[in-house]
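Me: I'd like to learn how to read salt bridges and pockets in a model. Could you walk me through this one?

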Amino acid sequence: MTLLTILEFPDPRLRTKAVPVSRFDPALARLAKDMLETMYAAPGIGLAASQVDQHIQMLVLDVSEEKNAPMVIINPRIIASEGRETCQEGCLSVPGIFADVERAERIRIEAQDLDGKTFELDADGLLAVCIQHEMDHLAGKLFVDYLSPLKRDMVRKKLEKQRRHADSTLTASA
């Protein structure tokens, strides 16, 4: 398995709309395993293929306390939703930033597994939030898009400052 590079905001590739998966083959399974390894190492609870510059409709997640319940969801679409809730969200593509985002409280999705078999899944709580968050990535949307333009610009500047500091630290130690 391989750790993949996670794209970070404001990388324009994060705005690419993912295409449906049509080939369910060993390469897709390998990508799913690499994405899970990358997500766990980050550490995170969800990762969309778009975040690792693979613009296909696949996401991985694991919201279990023990990190022992990995899920791979391919070509997801929400077929029902109800309720609204606001949760504090973070994102591996927007490191160190958290913000309140309103989402559906409960959802039902239709999706496919790694073999291409269609299934439905009912989700609420953290699982519902995570699925919706990762599905946004597949549509080229980030959680910072729910923020005001002023807050989004502040996030962009904060991340640029963090990157400059990290780059100067690496340069100084070389």
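Reply: Happy to! Let's begin in helix 3 (residues 149–173): Arg-156 and Asp-153 are 3 residues apart there, so about one helical turn separates them. Keep in mind that this is a predicted model.

Me: How far apart are the closest N and O atoms of Arg-156 and Asp-153?

Reply: They are 2.3 Å apart, and the pair forms a salt bridge. Arg-156 also meets Glu-160 in a salt bridge, at 2.9 Å from N to O. Glu-160 and Arg-156 are 4 residues apart in helix 3, again about one turn. Shared partners join Asp-153, Arg-156, Lys-157 and Glu-160 into one network.

Me: Is Arg-156 buried or partly exposed?

Reply: Partly exposed, with a relative accessible area of 25%. Asp-153 is partly exposed too, at 27%, and so is Glu-160, at 28%.

Me: Which residue forms a salt bridge with Arg-103?

Reply: Glu-89 does, with the closest N and O atoms 2.6 Å apart. Arg-103 lies in strand 4 and Glu-89 in strand 3, so this pair ties together parts 14 residues apart in sequence. Buried means under 20% relative accessible area; Arg-103, at 4%, therefore counts as buried, and Glu-89 is buried at 4% as well.

Me: And how do I read a pocket?

Reply: Rolling a probe the size of a water molecule over the atoms shows where empty space is left. Here the largest pocket has a volume of about 340 Å³. Its lining has 22 residues, and Glu-89 is among those nearest the centre, along with Ile-45, Gly-90, Cys-91 and His-133.

Me: Which element gives the most to that lining?

Reply: Helix 2, with 6 residues. The lining as a whole divides into 12 nonpolar, 8 polar and 2 charged residues.

Notes: Residues numbered from 1 in each chain as written. Predicted model: local features only at pLDDT ≥ 70, side-chain atom pairs only at ≥ 80, totals over all residues. Heavy atoms only, no water. 1 Å grid on protein atoms, 1.4 Å probe; cavity = no way out; pocket = protein on both sides within 12 Å on 5 of 7 lines; lining within 4 Å. Points joined across faces, edges and corners; volume = space filled by probe spheres on them. Helix = DSSP H or I, 4+ residues; strand = E, 2+ residues; numbered from the N terminus. Nonpolar A, V, L, I, M, F, W, Y, C, P; charged D, E, K, R; others polar. Salt bridge = Lys/Arg side-chain N within 4 Å of Asp/Glu carboxyl O. Buried < 20%, exposed > 50% of the residue type's maximum accessible area, 1.4 Å probe, protein only.
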